[in-house]
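I opened my notebook beside the viewer and jotted down what I looked up, one entry at a time. Follow along if you like.

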Amino acid sequence: MPVLTRNNPSEELLKGSNGSTTAIKPTLHQSRTRFLPVEFDRNGKLYAKPDPDRPAHIQDYYKLRTECLRSRTLFEDPEFPADDSSLNIPNNSGRPLEYNWLRPHEISPEAVFVSDGFSRFDIRQGLLGDCWLLAAAANLTIFPVLFNRVVPEDNDAIRGGRKGVDYAGIFHFRFWRFGQWYDVVIDDRLPTYRGHLVYIKSSTQNEFWSALLEKAYAKLFGSYQALIGGSASEAMEDFTGGLTEGFDMKDVPKHLFEMIEKGCQNYAMFSCSLAAPPGEEENVTDQGLVKGHAYSITKAQAVDIETPRVKGKIQLLRLRNPWGNENEWNGAWSDKSAEWRFISEESKSEMGLTFEVDGEFWMSYPDFLKYFDRVEMCHLSPDCPIVQQLSRFAWKQSSFEGEWVRGSTAGGCRNYPDTFWHNPQYVVKLEDPDEDDDEQQCTMIVSLIQKNRRSKRNKGIECLTIGFALYRVEPTDLLKKPLPKEYFTSHLSAAKSTFINLREVTCRFRLNPGMYVIVPSTFDPHEEGEFMIRVFSETASNMQEYDSSIGVGVPMEVESSVTDAQRITMERLFVEVAGEDGEVDWMELKLVLDRCFREDIVRASRGISQTYQTSAKPPEKVEPSLPAPSMQGDVCGLWSMLQKFVLNIAGGDNHHVSTRSSTEQVELMRSENVPQVHADLSNSGFSKDACRSMVAMLDEDGSGKLGLMEFQKLLADIARWKAVFKQYDSDQSGHLNPFELRSALQSAGYTLNNHIVNMLMHRYGSKEAEIWFDDFITCAVKIRTMFDIFRARDALKRNEARFTLEEWIAKTIYS
């Protein structure tokens, strides 16, 4: 399987000669944002996304600006302070960075937000290695309608701004993040050194829109440092919400020039780059091109040419180096090269040809293919208001969000057949071929984006190596959800992507009409991350997540019998333990359960201690008051009978390695089981919350206690769940291995989907994705309780239930 890797200095998988991994990548879960979600209507008008429960800490530009004007103060952003924490730039000198944060009018008395309109020449790179961002921003300026979505026209002009009157030192910009647009608010303080901007600056010294755009984008990811290194397609996507594609020059489509030419006329954005071997980043070639550097492609045009020997058209591309300096292409069709004499003045004027030391240049398409190594493009998505207004883009879009969770859905690539099928699965149905397609095939573009990685780079979290595989399926293959291991071990993929550690992997396929299952994955199993998958096709694809429906089924049968004698014995003990009211509370229940399943709990406690490299705290010795001597032997005898009963119905592996004398049994009863004892809740065993949940599961009258009949039901349930646990714990390790929880719960009668199992793994799984015995029992109790609450209100059996707020809180808070 092809794998491409971009070097990530803070994250390397160290593998020995046998392929074993000796370093573990950090994991990531979804980060919470403080940005205001916004939406665009069909006409492109923006409004805040309706949310009656919007948290108060989300920043609203218009409210904050009004407050600053009212108080006659300049805005200071507490979320992105003007200090080194917002820079987060590595500093090996040991001395603090000598940067001062200044407002635009403190840098230039003639400061303006924009001077003489927005232009690709307004952007010049500073000390930060974010040429990829600049290349995308330069493309954005070409299309005013796109530019004004990202850079709102209602930002303050700065010039002439009077504090408290019409200037508040606050700006806002909008970016697309995984299916949602956000409004990002910043103050106007910018990092400077000796009075000059450190990072992005405009070629016009008193213009500041580009520096403020960079700051907003840095805030989106947490720091300026997060912007060092990247792909122009990433920023182009965040500026448009579009679809990105990338091609290595050795694999470019046959009609690439026509794609660029047409795309430039239809709001598409393009960038290109040269590969840079290690240690040669930003080296300049003999042709004037910079290695490892992102360039914008701002125009493609076939131009009439007439020489003494040739007459016809030549394909030319206009490119721009974000440095905006003399580092330009110096070959054919470069500034003032001899070739331009063969182009008419009329054609030069139509092209907008200028020769300046500004980083912009023209080159021929053959030279472009020869000297550049990769080209990236971003097309507008079908839900873009511009697309909807023009109605000339035929693409249909479907999208889903998902998660790779260790021990649940992080199954790795096809190299790992035992776990690959656990990955999320999505089915698409291509019914009709593309219009005017002679081969009667369907075009489908699949985009897989991993989420929230760049903002965590300062914690050593880099992009995972991701990709996907595509399988052709027949209706008979779709009888079981999800597709099982047996399907993938007996079928080849119809298509697949390359696995690479970039934010996004996109592939374009031409397929025969039919049904296909897409399986997105990380390259290695057990790697956690969130993702978004999008499918674009010329005809509707009817994309759906292919997963189980949640429900209650028939549990695995457990062979057990309870004789009348055993029942009478249990009743006698229950009476003794329960006391006068004939019921046990959660504390008394914990004493009984911890004793019944002592061996399982000790094994689990030992395993957890080893996993987390901590020592289990020994239980403190309790000196309770003793019951009457005449009761000791009676209760102890009853306890022995109950223990035998539990061993019989629960599987029999609770026998102790060594037998205890009757005196030792008396001491156990003294310290653990008589009603007068105060339990030591710091020891191992079922948790307080688990025992309370068990009581709530069977406590029909809401008394907080269990009667004898309820107690019998609970023991029967636990015995059945333990039998299931033992079936999957084949090595008697005391825990379920990764990926076994879903199957174990299904054997217990509960069919769950990936979303629910992922949450259960986050809640009950260890860091090694193992489920220990007491956690499995607690998990089963919670699931059964939730099903019981819902089914009690689903009278028509339609998977629908109605609750008032009070009823829902009352039912769930007690469970």
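This is a predicted model: local features need pLDDT of at least 70, side-chain atom pairs count only at pLDDT 80 or more; totals for chains, interfaces and linings use all residues.

**Entry 1: E245**

I began with E245, which counts as buried because its relative accessibility is 3%, and buried means under 20%. I found E245 in strand β9, which runs over residues 243-248. Next I looked for a polar partner, and the side chain of E245 makes a polar contact with the side chain of H379 at 3.2 Å. Leaving aside neighbours within four places in sequence, I noted V375, E376, M377, H379, I445, T506 and R508 as the residues in contact with E245.

**Entry 2: the annotated site**

Which residues does UniProt list under "active site"? I looked up the unreviewed entry, and it places that feature at C131, H293 and N321. They span 191 residues in sequence, yet no two of their C-alpha atoms are more than 8.6 Å apart, so they gather at one spot.

I took C131 next. It lies in helix α4, residues 131-140, and counts as buried at 10% relative accessibility. Not counting residues up to four places away in sequence, C131 touches Q125, H293, A294 and P322.

Then I turned to N321, which sits in the loop between β12 (311-320) and α9 (345-351). N321 counts as buried, at 0% relative accessibility. The side chains of N321 and H293 are joined by a polar contact of 2.6 Å. Beyond four places in sequence, the contacts of N321 include V290, Y295, N327, D358 and G359.

**Entry 3: strand β17**

How many of the 9 residues of β17 are buried? My note says 9 of 9, for a strand that covers residues 442-450. C442, M444, V446, L448 and Q450 point one way from β17, while T443, I445, S447 and I449 point the other way, and all are buried.

I checked the strand's partners too. β17 pairs with β21 (residues 504-511) in the antiparallel sense over 8 bridges, and M444 stands opposite F509 there. β17 also pairs with β23 (residues 529-537), again in the antiparallel sense, over 7 bridges. In β23, I533 is the bridge partner of L448.

**Entry 4: aromatic rings**

I counted 43 aromatic pairs. One of them, Y99 with Y193, is edge-to-face, with 6.5 Å from centre to centre and 75° between the planes. Y99 lies in the loop between α2 (84-87) and β4 (100-102) and Y193 in strand β7 (residues 190-193), so the pair ties together parts 94 residues apart in sequence. Y193 is partly exposed, at 35% relative accessible area.

I also looked at F420 and Y471: their ring centres are 6.4 Å apart and their planes are at 50°, so the pair is tilted. This pair links helix α12 (residues 417-420) with strand β18 (residues 466-473), parts 51 residues apart. F420 counts as buried at 3% relative accessibility, and Y471 is buried at 2%.

**Entry 5: the whole chain**

Finally I zoomed out. The protein chain has 24 helices and 28 strands, and buried residues make up 52% of its 815 residues. Of the contacts with a separation of 6 or more, 76% are between residues 24 or more positions apart. I noted an accessible surface of about 38500 Å², of which 49% belongs to carbon and sulfur atoms.

Note on methods. Residues are numbered from 1 along each chain as its sequence is written. Side-chain values use heavy atoms; hydrogens and water are left out. Helices (H or I, at least four residues) and strands (E, at least two) are DSSP runs, numbered from the N terminus. Buried means under 20% relative accessible area, exposed over 50%, partly exposed in between (1.4 Å probe, protein chains only). A polar contact is a pair of N or O atoms within 3.5 Å; within protein, one must be able to donate a hydrogen and the other to accept it, and residues adjacent in sequence count only if both atoms are side-chain atoms. Contact means heavy atoms within 4.5 Å. UniProt positions are given in the numbering used here, feature names are shortened, and annotations may be inferred rather than shown by experiment. Two strands pair if DSSP finds at least two bridges between them. Accessible areas come from the Shrake-Rupley method with a 1.4 Å probe; for residues, only the protein chains shown count as cover. Rings of Phe, Tyr and Trp (its six-membered ring) pair if their centres lie within 6.5 Å; planes under 30 degrees apart count as stacked, over 60 as edge-to-face and the rest as tilted.
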